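Visitor: I am new to this structure and would like to be walked through it. Could we begin by looking at it together?

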Amino acid sequence: MFHVKNKFLKQIIGSILDLLPIFVVIFIFQLFVLKQPIPNVADIAIGTIFVVLGLTLFIQGLEKSLFPIGENMAYAFAKKGSVPWLLAFAFSLGFGTTAAEPALIAVANEAARIAADGGMIQASEQAKISYATGLRFTVAASVGFAILLGVLRIIRGWPLHYLIIPGYIGVVIMTFFAPDAIIGIAYDSGGVTTSTITVPLVTALGVGLASAIQGRNPLTDGFGLIAFASLTPMIFVMAYGMVI
Amino acid sequence: MMSWITEIFSVLLSTIKDVAPILIIIVFFQLFVIKRQFAQLKNLMVGMVYVILGITFFLVGLDKALFPLGTLMAEQLTSKSFINPTTDQSISIAWQDYTWVYIFGACIGFATTLAEPALIAVAIKAQTISAGNIKAWYLRLAVSIGVSVGIALGTYRIVSGTELYLYIIAGYVIVIIQTMFAPKMIIGLAYDSGGVTTSTVTVPLVTALGIGLATAIPGRNPLLDGFGLIAFASLFPIIAVLAYAQITEWLTRRAQLKRPEEGD
């Protein structure tokens, strides 16, 4: 019991250290650059306790649930030896986690507004909603495809940069043909697709697969799934902007 | 007090809504494809509750304590009264006027990335499977420095009004060149670190900074120029992590070269 308590305390101190820089930056700028007092001290104090507690709980839960789930499923699929089912799982995981991502919904709505302002679509509410929904599912499908491709890469043992560098070249070529208004959103959409829950799960899946399959190294082959998931949305969103 | 409780409940609900599709997919595949019970089900459920509660408290705390102040600061730092332009902005914009914005961007990018839960998760994993060869703390530091440089450069781009794609393409070229020379074991991790930097903590503050800046500067469209900072924050960590591995490798090689000389 004492050991558990000790570990929890250690984790809390770790969380405080992780969060300290944000507070230092904000307070220094508020007091010395903007030269203003700190507002709502009570709210900030309670909020700080919440953030520290939340980060501590998340990290504890990570090692108890998200990591083992991802790894165990990777081992089970590797043992079963059914590649189609594994790829189906990879696609659904990417698609399912992205379609409902709040950050993506916000970006898609923003994109619809820009498209309407730029005269690419009609300015009616309905046209905007259908544009935003289409974009959202395009990105979700692209992330599904990314995880699928990434898993296939781990199975086959292809070097990561053979796939990522052509992807970059694809992004650059698309940039010259895509409408100007969509480029910023497309570039940003690569960053917003990967949420706090998806990242640990997908990382554990990749590392688990690379450990379970003979001849693969968890370090060189296990990582890279997130990289695909940040790259394909850029290409797909620009393609969407060109087609619509 | 009431506002806290309602906030906690609404955030809890939306977190559960986020987790639900993931859980449904996992349970479906586990039961109908793998056809096995979950091992240590109780442990997994407790862990899942920890994750959901953890994210909820984290988000509520950020929303109450940090985001209002952080976004307000981003607005104030970019406002005309603070910048006090030295040139007539309708003719030209002096990028030097915005020095505090670049410094704030660099500092806030660094600090928020260090606290990013997804990055902590990946760093823990990397340290475990590399048997301690990659230190979680150094990896997070490298990524944070990358984001810091990225945001500073990204805010400069908004002020100077240069094209986004020029920076991104230049960044890609650097990444490709580094990939040819960097140790093979770091490449996957480096590429991944681009995607994990920008989630819960960094995005809201950085977006506020970008939009505030694009609104304050005449001739910039907040809808068009406000975007793009996230792209910077996803690209530069890749360069930073590759550089970290290259420097580490160079230092070890130099130490190995030195040793025989000392033996003479």
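Guide: One term is needed at the outset: a residue counts as exposed when its relative accessible area is over 50%, and as buried when that area is under 20%. Please also bear in mind that this is a predicted model.

Visitor: Then which is Ala131(B), buried or exposed?

Guide: Ala131(B) has a relative accessible area of 70%, so it is exposed. Ala131(B) is placed in the loop between helix 5 (117-129) and helix 6 (136-160) of chain B. Its phi is near 55 degrees, a positive value in a residue other than glycine.

Visitor: Let us step back. How many helices and strands does chain A have?

Guide: Chain A has 10 helices and zero strands. Its C-alpha atoms fill a box of roughly 55 × 55 × 30 Å along the principal axes. Of its 244 residues, 56% count as buried. Among the contacts in chain A with a separation of 6 or more, 78% come from residues 24 or more positions apart.

Visitor: Which helix of chain A is largely enclosed?

Guide: Helix 7 (residues 180-192) of chain A is largely enclosed by the rest of the structure, because 11 of its 13 residues are buried. Among the buried residues are Ile182(A), Tyr187(A), Asp188(A) and Val192(A).

Visitor: What about Thr232(A), buried or exposed?

Guide: Thr232(A) counts as buried, at 9% relative accessibility. Thr232(A) is found in helix 10 (residues 225-243) of chain A. Leaving aside neighbours within four places in sequence, Thr232(A) is in contact with Ser142(A), Val143(A), Phe145(A) and Ala146(A).

Visitor: Now the two chains together. How many residues are in contact across them?

Guide: In chain A, 89 residues are in contact with 88 residues of chain B. The two chains bury about 8200 Å² between them, and 81% of that is on carbon and sulfur atoms. On the side of chain A, Phe50(A), Tyr168(A) and Leu219(A) lose the most area to chain B, together 8% of what that side buries.

Visitor: How many salt bridges are there between chain A and chain B?

Guide: The count is two salt bridges between chain A and chain B. Glu71(A) forms a salt bridge with Lys125(B), with the closest N and O atoms 2.2 Å apart. Helix 2 of chain A supplies the largest share of the side of chain A that touches chain B, 29 residues.

Visitor: Over which ring does the charged end of Lys125(B) sit?

Guide: The charged end of Lys125(B) sits over the ring of Phe67(A), 4.3 Å from its centre. Another such case is Lys64(B), whose charged end sits over the ring of Trp4(B), 5.2 Å from the centre.

Visitor: How many aromatic pairs are there over all chains?

Guide: Counting rings whose centres lie within 6.5 Å, there are 21 aromatic pairs over all chains. In one of them, the rings of Phe50(A) and Trp4(B) have centres 5.1 Å apart and planes at 65 degrees, so the pair is edge-to-face. Phe50(A) lies in helix 2 (residues 41-80) of chain A and Trp4(B) in helix 1 (residues 2-34) of chain B, so the pair joins two chains. Phe50(A) is buried at a relative accessible area of 14%, and Trp4(B) counts as buried at 5%.

Visitor: Which residues form an aromatic cluster?

Guide: Phe77(A), Trp85(A), Phe89(A), Phe28(B), Phe29(B) and Phe32(B) form one aromatic cluster.

Terms used:
Residues numbered from 1 in each chain as written. Chains lettered and ligands numbered in written order. Predicted model: local features only at pLDDT ≥ 70, side-chain atom pairs only at ≥ 80, totals over all residues. Heavy atoms only, no water. Phe/Tyr/Trp six-rings, centres within 6.5 Å; stacked < 30°, edge-to-face > 60°. Helix = DSSP H or I, 4+ residues; strand = E, 2+ residues; numbered from the N terminus. Buried < 20%, exposed > 50% of the residue type's maximum accessible area, 1.4 Å probe, protein only. Lys NZ or Arg CZ within 6 Å of the ring centre and 35° of its normal. Contact = heavy atoms within 4.5 Å. Buried area = accessible area lost by both parts, 1.4 Å probe. Salt bridge = Lys/Arg side-chain N within 4 Å of Asp/Glu carboxyl O.
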